[in-house]
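Subject: Structure handover

Hello,

Here is the structure I promised to pass on. Please open it next to this email and follow along.

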Amino acid sequence: MASEKEAALAAAPSDSPTIFDKIINKQIPANVVYEDEQVLAFRDISPQAPTHILIIPKLRDGLIGISTAEGRHCEILGRLLYTAKLVAKQEGLKDGFRIVINDGPNGCQSVYHLHIHLLGGRQMNWPPG
């Protein structure tokens with residue numbers, strides 16, 4: 001499997017369904033930890049921390065990365081962050097956690113469907129990257 005950096009450099013935005021669309025539509029299984037009418041949260045298959053959960057909007061609506069956000073996306077962006085807080089609490093991350101949003105090739109984004117990485121369960125380092 002290619003490294004995350006190689007995958008990000010090879011990826012490109014597309015109107016085709018992403019792996020996340022396939023997870024939302026139950027075409028690909030996922031270990032779901034939270035779901036409501038607007039968002040889905042599931043465990044990353046290649047975790048970078050003891051807790052590594054992806055939080056995605058169920059409707060892409062042109063929101064392929066944070067750089068494509070428009071005023072009409074404010075509600076779902078807030079919902080994603082609030083969901084991260086709920087899931088962190090559910091997962092017992094009382095000592096803290098990190099939220100990461102990769103954007104574009106230099107940001108190491110490999111799936112063009114906005115998603116939040118919720119990382120926790122260990123001490124994070126600074127600076128990241």
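In which loop is Lys26 found? Lys26 sits in the loop between α2 (19-24) and β1. Keep that spot in view. We return to it below.

One caution before the rest. This is a predicted model.

**The overall fold**

Start with the secondary structure. The protein chain has three helices and five strands. Read from the N terminus, the order is α-α-β-β-β-α-β-β. The radius of gyration of the protein chain is 14 Å, close to the 14 Å that the globule rule gives for 129 residues, so the chain is as compact as a globular protein of that length. Along the principal axes, the C-alpha atoms fill a box of roughly 40 × 35 × 30 Å.

Of the 129 residues, 39% count as buried. The accessible surface of the chain is about 7700 Å². Carbon and sulfur atoms account for 54% of that surface.

Now the contacts. Take those between residues at least 6 apart in sequence. Of these, 59% join residues at least 24 apart.

**Charges and salt bridges**

Count the charged side chains. The protein chain has 13 positive and 14 negative ones. The centres of the two sets lie 6 Å apart. Side chains of opposite charge can pair when their charged atoms come close.

How many salt bridges does the structure hold? There are eight salt bridges in the structure. Here are some of them.

Begin with Asp36 and Arg79. They form a salt bridge, and their closest N and O atoms are 2.7 Å apart. Why does this pair tie together parts that are apart in sequence? Asp36 lies in the loop between β1 (32-35) and β2 (39-43), while Arg79 lies in helix α3 (residues 74-90), so the pair ties together parts 43 residues apart in sequence.

Is Asp36 buried or exposed? Asp36 is buried, because its relative accessible area is 11% and buried means under 20%. Arg79 counts as partly exposed, at 26% relative accessibility.

Arg79 also forms a salt bridge with Glu37. Here the closest N and O atoms are 3.1 Å apart. This pair, too, links distant parts of the chain: Arg79 is in helix α3 and Glu37 is in the loop between β1 and β2, 42 residues apart. Glu37 is exposed, with a relative accessible area of 60%.

Move on to Asp61. Asp61 forms a salt bridge with Arg72, and the closest N and O atoms are 2.7 Å apart. Both Asp61 and Arg72 lie in the loop between β3 (51-57) and α3, eleven residues apart.

There is also a network. Salt bridges link Lys26, Glu35 and Lys58.

**Backbone details**

Back to Lys26. Phi of Lys26 is positive, at about 65 degrees, although Lys26 is not a glycine. Lys26 is exposed, because its relative accessibility is 55% and exposed means over 50%.

Asp61 also has a positive phi. The value is near 50 degrees, in a residue other than glycine. At 37% relative accessibility, Asp61 counts as partly exposed.

Where is the cis peptide bond? Look at the step from Trp126 to Pro127, where the peptide bond is cis and omega is near 5 degrees. Pro127 lies in the segment after β5 (116-120).

**One more residue to look at**

Finish with Asn31. Asn31 lies in the loop between α2 and β1. With a relative accessible area of 45%, Asn31 is partly exposed. Which residues does Asn31 touch, not counting residues up to four places away in sequence? Asn31 touches Ala41, Phe42 and Arg43. Asn31 and Asp44 are 13 residues apart in sequence, and their C-alpha atoms are 8.3 Å apart in space.

**Where to start**

Last, check the cis bond between Trp126 and Pro127.

Best wishes

Note on methods: Residues are numbered from 1 along each chain as its sequence is written. This is a predicted model: local features need pLDDT of at least 70, side-chain atom pairs count only at pLDDT 80 or more; totals for chains, interfaces and linings use all residues. Side-chain values use heavy atoms; hydrogens and water are left out. Helices (H or I, at least four residues) and strands (E, at least two) are DSSP runs, numbered from the N terminus. The radius of gyration is taken over C-alpha atoms; the globule rule is 2.2 Å times the number of residues to the power 0.38. Buried means under 20% relative accessible area, exposed over 50%, partly exposed in between (1.4 Å probe, protein chains only). Contact means heavy atoms within 4.5 Å. Accessible areas come from the Shrake-Rupley method with a 1.4 Å probe; for residues, only the protein chains shown count as cover. Lys and Arg count as positive and Asp and Glu as negative; His and the chain ends are not counted. The place of a charge is taken as NZ of Lys, CZ of Arg, CG of Asp or CD of Glu. A salt bridge is a side-chain nitrogen of Lys or Arg within 4 Å of a carboxyl oxygen of Asp or Glu.
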